[in-house]
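Dear colleague,

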Amino acid sequence: MKNHSFVPDMMFDSVFEIEPEMLIERNIRAVVLDIDNTLVTYGVAEPTEEVIAWIETLKSAGLHVAIASNNHEPRVALFNKKLGVFTTWESKKPSARSVKTACEHFGVKAEEAVVIGDQIFTDVWCARNAGALAILVKPIPYPENLFFKCKRILEKPFIRTYRRRHQNK
Ligand SMILES: [Mg+2]
């Protein structure tokens with residue numbers, strides 16, 4: 001049955017806590033990544049060594065890796081220069097389009113994909129629309145504007161629900 005919940009399937013403080021084995025265990029074959037505040041903050045144009053190394057561990061484990069960003073092409077293209085992964089830009093998440101495009105490219109089903117991002121109403125919702133697994137990470141600290149602050153407040157009940165469900169695990 002299709003999952004319509006805004007509650008993420010898994011939550012981590014940072015992407016670096018996500019090991020390929022935990023994804024493979026869940027039959028995941030493709031990882032679709034958000035950039036901004038997930039891998040780096042808005043102000044950082046290129047991936048850090050840590051990001052490059054983490055993506056390399058995913059690839060070495062046999063996972064397909066894609067970037068799906070709502071940001072513009074120049075930002076995504078420059079960020080991807082050292083990574084060379086499949087990218088979509090202006091993805092209009094929560095639209096499922098970018099995930100579907102990536103899955104088609106890799107020849108995997110949407111339920112074999114995971115969307116990893118820092119926002120419930122963008123990344124988790126996108127995963128739900130696509131029928132993919134949803135992993136929420138804590139946004140990398142960044143001085144956020146009022147619009148983002150409001151969104152974070154609206155996200156709280158879903159994060160609390162996740163914590164309640166997983167507190168005994
Ligand atoms: Mg983001």
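With 169 residues, what radius of gyration does the protein chain have, and what would a compact globule have? The protein chain has 15 Å, which agrees with the value near 15 Å for a compact globule; the radius is taken over C-alpha atoms, and the globule rule is 2.2 Å times the number of residues to the power 0.38. This is a predicted model, in which local features need pLDDT of at least 70 and side-chain atom pairs count only at pLDDT 80 or more, while totals for chains, interfaces and linings use all residues. Residues are numbered from 1 along each chain as its sequence is written.

Overall organisation

Along the principal axes, the C-alpha atoms fill a box of roughly 40 × 35 × 25 Å. The protein chain has six helices and six strands, where helices (H or I, at least four residues) and strands (E, at least two) are DSSP runs numbered from the N terminus. Their order from the N terminus is β-α-β-α-β-α-β-α-β-α-β-α. Of the contacts with a separation of 6 or more, 64% join residues 24 or more positions apart; two residues are in contact if their C-beta atoms, placed from the backbone, lie within 7 Å.

Burial and the core

Of the 169 residues, 36% count as buried, that is, with 20 or more other C-beta atoms within 10 Å of their own. The largest nonpolar core has 39 residues, and Val-32, Val-99, Ala-113, Val-114, Val-115 and Ala-132 have the most contacts inside it. Such a core is a set of buried Ala, Val, Leu, Ile, Met, Phe, Trp, Tyr and Cys residues joined through C-beta atoms within 7 Å. α5 gives the most to this core, with six residues.

Val-114 lies in strand β5 and is buried, with 24 other C-beta atoms within 10 Å. Leaving aside neighbours up to four places away in sequence, Val-114 touches Leu-23, Ile-28, Val-31, Val-32, Ala-132, Leu-133 and Ile-135. The C-alpha atoms of Val-114 and Ala-127 are separated by 7.1 Å, although these residues are 13 apart along the chain.

Helix α4

In helix α4 (residues 97-106), the buried residues are Ser-98, Val-99, Ala-102 and Cys-103. Seen down the helix axis, they fall within an arc of 135°, so they line one face of α4; the arc is that of the directions from the axis to the C-beta atoms. Their cover includes β2 (30-33), β3 (64-68), β4 (86-88), β5 (113-117) and α5 (120-130). Just after α4, Gly-107 takes a positive phi of about 70°.

Key. A residue is buried if 20 or more other C-beta atoms lie within 10 Å of its own, exposed if 12 or fewer, and partly exposed in between; C-beta atoms are placed from the backbone.
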